Amino acid sequence: MSLELTRKRAKEIKKLRKQADKLWAEQRVVSQHAAQIAREARDQARAYGAESLIPTAERYVHRGVDLGRDRLSRASRGWNASVVPVIASGLGSVAAMAQVAKDDRVKRSRTCAATPRCPSSCRPSP
C-alpha cells in the first residue's frame, strides 16, 4: 500500500492550503481593524470621562465636603452657644462656693451650728 497522494487529492489539498492562508490573512486584517477601533473607543471614553464625569464627580465630592463642614460648624456654634456657657456658669458657681467656704465667717458659723447654743461671738456685730 502506498502513502502517496493522488494528483487530484494533492491538488485539492494545495487549493485548501491557499484558501486557509488567505482566510488567515483576512482574519489578521479584521483583528487589526478591531484593535484600532477599540483603541479609538478607549481614547473617546477617556476624553468623555475627563470632560464630563470627573468634573461632575468632583462637584459632588466638594458638595458633600462643604455640607459636612457646614454641619460641623453649626454643631460647634450650637455647642459654644448653649453648652459652654452652662459649663462655665457651673464652674464659676463651684469656684464661688469654694471661696465662700474658705471665708472665716463661714467656718465660724459651721462650728457655731454644731453647738447647742450659739455663743455671742458668732453673732454679727452692730
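1. Gly49 and its contacts. Gly49 touches Ile54 and Pro55, leaving aside residues up to four places away in sequence. Gly49 sits in helix H1. With a relative accessible area of 11%, Gly49 is buried, because the cut-off for that class is under 20%. Keep in mind that this is a predicted model.

2. Overall fold. The protein has two helices and zero strands. Helix H1 covers residues 7–102. Gly49 and Trp79 both belong to helix H1.

3. Burial and surface. How much of the protein counts as buried? Of its 126 residues, 2% do. Gly49 is one of the buried residues. The protein exposes about 11,800 Å². Carbon and sulfur atoms supply 61% of that area.

4. Nonpolar patch. Which residues make the nonpolar surface patch? They are Trp79, Val84, Ile87 and Leu91. The patch comes to about 400 Å². Trp79 lies in helix H1. Its relative accessibility is 47%. Trp79 therefore counts as partly exposed, since that class runs between 20% and 50%.

5. Salt bridges, the count. How many salt bridges does the structure hold? It holds three. The pairs are Arg9 with Glu12, Asp43 with Arg42, and Arg69 with Asp66.

6. Arg9 and Glu12. The two side chains meet in a salt bridge, at 3.3 Å from N to O. Both residues lie in helix H1. They are three residues apart, about one turn of the helix. Arg9 is partly exposed, at 47% relative accessible area. Glu12 is partly exposed as well, at 36% relative accessibility.

7. Arg42 and Asp43. Here too the side chains meet in a salt bridge, with an N to O distance of 3.3 Å.

8. Asp66 and Arg69. The closest N and O atoms of this salt bridge are 3.1 Å apart. Asp66 counts as partly exposed, at 35% relative accessibility.

9. Points to check against the model. Look at Gly49, with its contacts to Ile54 and Pro55. Look at the patch of Trp79, Val84, Ile87 and Leu91. Then look at the three salt bridges.

Key: Residues numbered from 1 in each chain as written. Predicted model: local features only at pLDDT ≥ 70, side-chain atom pairs only at ≥ 80, totals over all residues. Heavy atoms only, no water. Patch = residues over 30% accessible without salt bridge, like charges linked within 9 Å, V, L, I, M, F, W, Y side chains within 5 Å. Areas by Shrake-Rupley, 256 points an atom, 1.4 Å probe, with all protein chains shown as cover. Salt bridge = Lys/Arg side-chain N within 4 Å of Asp/Glu carboxyl O. Helix = DSSP H or I, 4+ residues; strand = E, 2+ residues; numbered from the N terminus. Buried < 20%, exposed > 50% of the residue type's maximum accessible area, 1.4 Å probe, protein only. Contact = heavy atoms within 4.5 Å.
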